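Me: Please examine the model below and answer some questions on its sheet and helix packing.

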Amino acid sequence: MSRTDFTLSDFDFALPPELIAQQPAPERSASRLLDGTGPEPADRIFRDLPTLLRDGDLLVFNDTQVVKARLFGEKPTGGRLELLIERVLAGQEVAAHMKVSKKPAVGTVLRMDAAPGQPAFRATLLGRWPEEGGPLFRFALESDDGADPYTLMERHGHVPLPPYIERQQAQESASDAAEDARRYQTVFARVPGAVAAPTAALHFDEALLAQLEARGVRRANVTLHVGAGTFQPVKTENIAEHVMHAERYDVPPATQQAIADCRAHGGRVVAVGTTTVRTLESWAASGQAQGDTQIFITPGFRFRHVDLLITNFHLPKSTLMMLVSALAGYERVMALYAHAIRERYRFFSYGDAMLLQRTAP
């Protein structure tokens, strides 16, 4: 098969539903790691990673922080609704997905569910975003004490777990909610703004980071605020017709220099997660170190920065399956996924990981 005639069906595979992880591993670095860099798949534990990297390699992490972006409330009529805040705008305004049986009119004031003992807060529907007819809704948030949107999410919001984690967050126990708030977040999360975690980085704990540093593996950070569009299904059999969602990214000057130094000394750039790949390759393609990206990486893509990729296992027929196939080769990736299913690896956000090497130019 040539590199230009892939269709959506080529990225499909049968996944037993019991392999979709509903809870994280007891310890972050105790998850499994499928090493796909050699001629044959190798089954390892994630804490083996330092033995697979070498002095001078550069790990690039996404330091975005997941915010408690899922909020519940009701219309003046009493009808229930759910907001998933995708982006904080200027002042008190936010852009959000809205799940509701009948959309309220512009100007409607929604009464939002407040945490016990906290001041009441409201959301006023201002219109669509980013333009009239846009995919999101624009709201102004207002509370009795004037708190900003990030504070309101932290007080009243729920961790926006992916749709394939079946626990209903409005009904989950306090212990579940506390555990998700801790584990659906990297240990180095720094910049608030994501509604989904950069899941490959969830496997790193402080002990493993210290071991990697002792081995001479360097670290750098980028930021990409993962949006809910990361779970958006591809609906067109012709993948070229798919329109990617936009996400904000930033490649700091220190990271740009770290990559240059890594290259100068013969090291390898190891992207931790597909969000890091999207960030680095957006920077390479556009020349812009900051901005919004809608980059769509499919087989045939020419990579400029990434040599190795640490990633979790992705949904069938997803843009992320296309990205990893572009990096490591379609046949190889599909064979690794078949191995992972046979060996009962755990899939998706709370699942296990794999290590891939770039074979594309």
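Me: In what order do the strands of the open sheet lie?
Reply: In this predicted model, 9 strands form an open sheet with mixed pairing. The twist averages 25 degrees from one strand to the next. The order is E2-E1-E17-E16-E14-E3-E12-E13-E15.

Me: Which strands stand at the edges of the sheet, each with a single partner strand?
Reply: A strand with a single partner has one side left without a neighbour in the sheet, so it stands at an edge. This applies to strand E2 (42-45) and strand E15 (290-293).

Me: Is H6 roughly parallel or roughly perpendicular to H7?
Reply: The axes of helix H6 (residues 274-286) and helix H7 (residues 319-328) come within 11 Å and cross at roughly 70 degrees. Angles of 65 to 115 degrees count as roughly perpendicular. H6 is therefore, relative to H7, roughly perpendicular.

Me: How many nonpolar residues does the contact of H6 with H7 have?
Reply: H6 passes H7 in a left-handed crossing. Thr-274, Val-277 and Arg-278 of H6 make the contact with Leu-320, Leu-323 and Val-324 of H7. By class, the contact has 1 charged, 1 polar and, as nonpolar residues, 4.

Conventions. Residues numbered from 1 in each chain as written. Predicted model: local features only at pLDDT ≥ 70, side-chain atom pairs only at ≥ 80, totals over all residues. Heavy atoms only, no water. Pairing = 2+ DSSP bridges. Helix = DSSP H or I, 4+ residues; strand = E, 2+ residues; numbered from the N terminus. Axes fitted to C-alpha atoms, helices over the stretch in contact; angles between N-to-C directions. Parallel < 35°, antiparallel > 145°, perpendicular 65-115°, else oblique. Left-handed = near helix turned anticlockwise from the far one by under 90°. Contact = heavy atoms within 4.5 Å. Nonpolar A, V, L, I, M, F, W, Y, C, P; charged D, E, K, R; others polar.
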